[in-house]
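Here's a quick briefing to read with the model open next to you. Have a look at the fold first, then work through the points below.

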Amino acid sequence: ATCPLLLPTLIEHHQFQLIAKLVLQLKDVSADALASILRACLPPASQHAAAAAALKRAADHRKALMHKCLEKAEATEAGSKKRRHASRLAAAVVLTTQGFTPAQLLLHTAIAARTDMLQTTAAVRTLPVEAVLQLLEYARKMTNLYAVRLPEDAPALCKKMGLPLPHARRVVEFAAQCIDPHFTRLAMLPSARGVVAALQQAVDKQVKTCTQLSPLMGSVEHLKTQRSLPTTQDATQATRYCIEMLTLS
């Protein structure tokens, strides 16, 4: 960052909307800055009047953007390419807004921040175990959402609206980095078992889906590009198609 004091100052003054915009631009967020963002949206800091009010304003701003996306989707021509794109954008914003608390909406920003594994582990290590449980609950909710309804490109869609969102892989890696430095304390807490077990079920669901898709190999990528199936006239251009797709045809 060109100004190392900018992000800490925004965090100190609870400027969560500006923090979200800044996180989208930064190539690297330090462990101290990440820890500060996490503390700001988790108790007891998030229960202070100023922080709670700022979290609510940020949540209201995201909800306003959500309604804007829905209105734009409704206003576009039915069946058109623009309508499909606008509908996918609206769905991504709705799914990652509804059902989330103001604090969890800020966690979208914190966990989407570009940090390496060592920085993330260092940031999480400083948090109390109660805060870690809330982070794991967020990870469970997001992992389950990705496994069931949220498209893989949701972060790219949300970014167009200035809304940070972590990728599925980032969410799972973050959960692992939460568990690693706090493993002993989490293992001794009865309240942690339910959260960790629910997170495991969500991850297992994602793994099962990926395992079922793996035999398709190149076919999935081919279908993603929406190319037509090969015909006998395409024999001279067989290199354009994966082996699996040629077999299907």
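Leu107 counts as buried, at 1% relative accessibility; buried means under 20% relative accessible area, exposed means over 50%, and partly exposed is anything in between (1.4 Å probe, protein chains only). You'll find Leu107 in helix H6. Bear in mind that this is a predicted model, where local features need pLDDT of at least 70, side-chain atom pairs count only at pLDDT 80 or more, and totals for chains, interfaces and linings use all residues. Residues are numbered from 1 along each chain as its sequence is written, and side-chain values use heavy atoms, with hydrogens and water left out.

**Around Leu107**

- Leaving aside neighbours within four places in sequence, Leu107 touches Leu38, Cys41, Ala112, Leu135 and Tyr138, a contact being heavy atoms within 4.5 Å.
- Leu107 and Leu42 sit 65 residues apart along the chain, and their C-alpha atoms are separated by 9.1 Å.
- One of those contacts, Leu38, belongs to the buried set of helix H3, together with Ala31, Ala33, Leu34, Ala35, Ile37 and Ala40.
- H3 (residues 31-40) is mostly covered, with seven of its ten residues buried.

**The overall fold**

- What is the secondary structure of the protein chain made of? It comes to 14 helices and zero strands, where helices (H or I, at least four residues) and strands (E, at least two) are DSSP runs numbered from the N terminus.
- Reading from the N terminus, the elements of the protein chain run α-α-α-α-α-α-α-α-α-α-α-α-α-α.
- The protein chain has 249 residues, and 41% of them count as buried.
- Take the contacts in the protein chain between residues at least 6 apart in sequence: 73% of these join residues at least 24 apart.
- The accessible surface of the protein chain comes to about 14300 Å², with 60% belonging to carbon and sulfur atoms; areas come from the Shrake-Rupley method with a 1.4 Å probe, and for residues only the protein chains shown count as cover.

**Thr143, another buried spot**

- Thr143 has its place in helix H8 (residues 129-148).
- Thr143 is buried because its relative accessible area is 5%.
- Beyond its neighbours within four places in sequence, Thr143 is in contact with Val171, Val172, Leu199, Ala202, Val203 and Gln206.

**Salt bridges**

- How many salt bridges does the structure hold? There are five, each defined as a side-chain nitrogen of Lys or Arg within 4 Å of a carboxyl oxygen of Asp or Glu.
- One of them pairs Lys56 with Asp60 at 3.0 Å, N to O. Both residues lie in helix H4 (residues 49-75), four residues apart, or about one turn of the helix. Asp60 counts as partly exposed, at 37% relative accessibility.
- Another pairs Arg88 with Asp153, and here the closest N and O atoms are 2.7 Å apart. This pair links distant parts of the chain: Arg88 is in helix H5 (residues 81-95), while Asp153 is in the loop between H8 and helix H9 (154-159), 65 residues away. Arg88 is partly exposed at 37%, and Asp153 is also classed as partly exposed, at 30%.
- Glu173 and Arg169 form one too, with the closest N and O atoms 3.0 Å apart. Both sit in helix H10 (residues 168-179), four residues apart, about one turn. Is Arg169 buried or exposed? Arg169 is exposed, at 66% relative accessibility, whereas Glu173 is partly exposed, at 30%.

**The second largest pocket**

- The second largest pocket has a volume of about 280 Å³. On a 1 Å grid over the protein atoms alone, a pocket is an open set of points where a 1.4 Å probe fits, with protein on both sides within 12 Å along at least five of seven lines; lining residues have an atom within 4 Å of a point. Grid points are joined across faces, edges and corners, and the volume is the space filled by probe spheres set on the points.
- Its lining has 15 residues, and Ala112, Arg114, Pro155, Leu165 and His167 lie nearest the centre.
- Helix H2 (16-25), helix H6 (102-112) and H9 each supply at least two lining residues, and the largest share, three residues, comes from H9.
- By class, the lining has ten nonpolar, two polar and three charged residues. Ala, Val, Leu, Ile, Met, Phe, Trp, Tyr, Cys and Pro count as nonpolar, Asp, Glu, Lys and Arg as charged, and the others, Gly among them, as polar.

- His14 has a positive phi of about 55° although it is not a glycine.
- His14 is found in the loop between helix H1 (6-12) and H2, and counts as partly exposed at 24% relative accessibility.
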